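I opened the notebook on aromatic rings and their surroundings. The entries follow in the order in which I looked things up.

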Amino acid sequence: MTALSSKIIVSVLVCLGLGIASGFSTADSISGWYQTIQKPSWNPPNWIFGPVWSILYIMMGVAVALVWHSDHELKKLAVGLFVVQFVLNLLWSYLFFGRHNITLALVEILAMWVMIVTTTIVFYRINHTAAYLMIPYLLWVSFAGFLNYSIRALNH
């Protein structure tokens, strides 16, 4: 096994593991509180979120592994930015589903979006493929931010 493939396996397992743990920690709210609030007509069905996030976490894991494997001078910065945006990703679930704080989750997802854009730009300077792997995640979080905004508007 090569060093790169080992880093990909570790990174994907960490991203998936933390993402799945976050999902399990908020599962009760998804089947309870989330069902009681108003949502826009275009709100995706609940079953879609698990597969979409799993694919995104795999892509994110590969992306950060490609950067981690590089010898680029920006590697530490890039991995640090990735960690910050990933922590914000996990924090959003806690704020929205765990604390039921739709407004604070909206503010937080905007900060997360900025961090994802920043991370992707720095990734691009190191490894174009890593940056491209982040684009579906950025698009999904953009959609999630608009959904968060719409849910806030319907429930306040």
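I began with Lys 39, which lies over the face of Tyr 34 at 4.7 Å from the ring centre. For a charge over a ring I required NZ of Lys or CZ of Arg within 6 Å of the ring centre and within 35 degrees of the ring normal. I also noted Lys 7, whose charged end sits over the ring of Trp 68, 5.4 Å from its centre.

The model is predicted, so I kept to pLDDT of at least 70 for local features and 80 or more for side-chain atom pairs, while totals for chains, interfaces and linings use all residues. Numbering runs from 1 along each chain as its sequence is written, and side-chain values use heavy atoms, without hydrogens and water.

Next I looked up the aromatic pairs and found 18 in the structure. Rings of Phe, Tyr and Trp (its six-membered ring) pair if their centres lie within 6.5 Å; planes under 30 degrees apart are stacked, over 60 edge-to-face, the rest tilted. I took Trp 53 and Tyr 137, an edge-to-face pair with 6.1 Å between centres and 70° between planes. Trp 53 is in helix α3 (residues 49-68) and Tyr 137 in helix α6 (residues 128-155), so the pair ties together parts 84 residues apart in sequence. Helices here are DSSP runs (H or I, at least four residues), numbered from the N terminus. Tyr 137 is buried, at a relative accessible area of 0%; buried means under 20% (1.4 Å probe, protein chains only).

I also recorded one aromatic cluster, formed by Trp 42, Phe 49, Trp 140, Phe 143, Phe 146 and Tyr 149.

Note on methods: Helix = DSSP H or I, 4+ residues; strand = E, 2+ residues; numbered from the N terminus. Buried < 20%, exposed > 50% of the residue type's maximum accessible area, 1.4 Å probe, protein only.
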